[in-house]
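These are my notebook entries on a single structure.

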Amino acid sequence: MGQYLGYDPRMAICGIVVLPVLIWWFKKDVNNKVKWFGYLMILFFVHGSIELAHVINTTILRYIFELPILYLYFTSYKRYGYAGRGLVIPFIFVSLVSSIQTSPMMWILFLLYFLEIFMLFIYFRNNYESEDATLLHKLFWLLACSQIPTAIIKYFMVGVTEPYIGSMSSHEGGITTVFSLVMYCYALEMYFCTKERKYLFALLGFVLFGIVGAKRALAFLFPVFYFVVLILHSLCTHSIVRNSKKLIYGVICMPILFVLLCILNPSFNPEKKVGGSFDLKYVIEYSGKYNNGGFGGDDKAGRANAMAIIHEKMLNDNLPHQLFGYGSGLLVSSSFNSQKMDSYAKMKVFGVGYSMGIGYLTLLAQVGFMGVIPYFLIFILSLIDLLRKTKAMSPYMTHTEIGLCVSAILTLICIITLSFFYNNTSFFFNCASVLNMWFIAYAYITLDKVKERITA
């Protein structure tokens with residue numbers, strides 16, 4: 001992490017939070033394939049701490065985690081796919097045509113960046129079932145929960161700030177939003193289904209993680225997604241009337257949560273400190289100014305205007321650029337990229353700097369409408385498929401099984417929503433995207449088990 005000047009190496013101490021998980025996993029009696037993959041995932045969840053400790057080059061560190069995943073994918077038997085898998089080939093073809101504007105190497109890197117998560121999903125789906133899958137699911141849950149104590153460590157060492165995303169990463173602040181929101185939805189849904197208090201405590205912990213991560217969007221997303229979770233839970237359990245009490249709780253508690261989140265986020269109160277006063281007018285004005293690029297920096301457009309600016313640029317350009325973008329891999333950071341696309345360069349070329357990090361815009365600029373449509377459709381079709389199967393099989397499922405499947409549906413909604421309006425974190429290989437793919441794969445594994453039970 002030497003290139004990230006000013007990052008405090010003392011924050012590598014957050015890596016100690018996975019020690020109890022490591023000891024627990026060490027004591028488990030499982031086959032070597034599952035055992036070593038578990039160790040790889042535990043190590044992956046201290047990725048940020050390893051970076052901060054400066055013990056290994058960041059590029060080499062990335063290969064240490066990504067190369068085994070690629071190897072496991074290409075050497076595993078693939079029985080199962082996923083809804084929308086057929087759209088991967090058109091996406092690859094479009095990106096190949098688009099790569100005429102960049103280079104073959106950038107095309108390969110582009111595909112690795114955007115298809116690695118699906119390769120990971122396929123590996124999960126085809127290699128783990130029954131007790132192995134259940135044990136791995138518990139491992140991922142414990143790894144996610146292990147990040148909650150890092151929020152406490154972080155608060156007392158550096159305060160409320162975007163860098164230091166638990167032990168998972170040091171500088172990719174977008175991980176905080178995706179991770180916190182997905183785990184918030186997961187914990188809330190599992191609490192609705194099982195009434196186990198551990199999920200309620202975990203939910204509060206993931207809210208705390210988001211607060212200490214200083215992600216402004218979560219002040220709005222946490223309250224809104226309470227109702228998204230409740231609606232989906234009610235639809236999939238056929239219990240809309242029975243959940244009216246939960247709706248009342250949400251109407252009362254979510255505004256309180258919103259106020260609390262604004263008070264605790266220095267950006268959202270006039271005093272600009274943790275524990276400031278609540279002023280709704282100030283919150284609205286600040287949010288509007290921030291999303292419109294009113295604070296200057298390297299992006300005067302802001303997320304609110306970025307969509308309109310990029311669409312206007314592309315629709316006024318020639319047809320090939322509209323269909324295939326400006327080159328697959330153009331926005332991928334690499335020494336192989338002949339064009340340095342930092343925020344300043346993006347601002348100069350597209351009129352949008354930092355906000356090009358929105359997943360939809362990142363794809364649109366590189367592979368055009370012909371590329372972005374099939375890519376998003378993969379997630380949308382998977383969402384529809386999981387929702388349909390969960391609703392159909394819910395009468396035959398336990399409360400826990402329903403919770404697991406609904407949580408996967410919520411994960412897909414989070415991925416689609418955040419990638420379309422906020423960031424591109426869910427598209428790339430990181431701790432948050434690994435968790436996302438596991439939750440979705442484990443839902444399908446659960447549905448397979450229910451189907452076998454029904455037909456037995």
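**Entry 1: salt bridges**

I counted ten salt bridges, taking a salt bridge as a side-chain nitrogen of Lys or Arg within 4 Å of a carboxyl oxygen of Asp or Glu. The model is a predicted one, in which local features need pLDDT of at least 70 and side-chain atom pairs count only at pLDDT 80 or more, while totals for chains, interfaces and linings use all residues. Residues are numbered from 1 along each chain as its sequence is written, and side-chain values use heavy atoms, with hydrogens and water left out.

I looked up Arg62 and found a salt bridge to Glu66, with the closest N and O atoms 2.4 Å apart. Both residues lie in helix 4 (residues 58–75), four residues apart, about one turn of the helix. Helices here are DSSP runs of H or I with at least four residues, strands are runs of E with at least two, and both are numbered from the N terminus.

I then checked how accessible the two partners are. Buried means under 20% relative accessible area, exposed over 50%, and partly exposed in between, with a 1.4 Å probe and protein chains only. Arg62 counts as partly exposed because its relative accessibility is 29%. Glu66 has a relative accessible area of 8%, so Glu66 is buried.

Next I examined Arg216 and Glu162, whose side chains meet in a salt bridge at 3.7 Å, N to O. This pair links distant parts of the chain, 54 residues apart: Arg216 is in the loop between helix 9 (197–212) and helix 10 (218–237), and Glu162 is in the loop between helix 7 (130–158) and helix 8 (174–194). Arg216 counts as buried because its relative accessibility is 18%, whereas Glu162, at 27%, counts as partly exposed. I also noted that Glu162, Lys215 and Arg216 are linked in a network of salt bridges.

The side chains of Glu196 and Lys198 form another salt bridge, at 3.7 Å from N to O. Glu196 is partly exposed, at 35% relative accessible area. Lys198 is partly exposed as well, at 45%.

**Entry 2: helix packing**

Which angle do helix 10 and helix 11 make where they pack? I found an angle of about 170 degrees between helix 10 and helix 11 (residues 244–264), with their axes 9 Å apart. Axes are lines fitted to C-alpha atoms, for helices over the stretch in contact, and angles run from 0 to 180 degrees between N-to-C directions. Helix 10 and helix 11 are therefore roughly antiparallel to each other. I applied these classes: under 35 degrees is roughly parallel, over 145 roughly antiparallel, 65 to 115 roughly perpendicular, and the rest oblique.

I listed the residues in contact (heavy atoms within 4.5 Å). Helix 10 contributes residues including Phe220, Phe222, Tyr226 and Phe227, and helix 11 contributes residues including Lys246, Gly250, Met254 and Phe258. By class, the contact of helix 10 with helix 11 has 15 nonpolar, one polar and one charged residues. In this scheme Ala, Val, Leu, Ile, Met, Phe, Trp, Tyr, Cys and Pro count as nonpolar, Asp, Glu, Lys and Arg as charged, and the others, Gly among them, as polar.

I turned to helix 7 and helix 8, whose axes come within 12 Å and cross at roughly 120 degrees. That angle makes helix 7 oblique to helix 8. His137, Trp141, Ala144 and Gln147 of helix 7 meet Phe179, Met183 and Tyr186 of helix 8. I classed the residues of this contact as five nonpolar, two polar and no charged.

Helix 7 also packs with helix 18 (residues 431–455), their axes coming within 11 Å and crossing at roughly 150 degrees. Helix 7 is thus roughly antiparallel to helix 18. Ala133, Thr134, Leu136, His137, Phe140 and Ala144 in helix 7 meet Val434, Leu435, Trp438, Phe439, Tyr442 and Ile445 in helix 18. The contact of helix 7 with helix 18 divides into ten nonpolar, two polar and no charged residues.

**Entry 3: positive phi**

I looked for residues other than glycine with a positive phi and recorded Ser130, near 55 degrees. Ser130 lies in helix 7 and is partly exposed, with a relative accessible area of 46%.

I also recorded Tyr164, a residue other than glycine with phi near 65 degrees. Tyr164 lies in the loop between helix 7 and helix 8. Is Tyr164 buried or exposed? Tyr164 is buried, at 8% relative accessible area.
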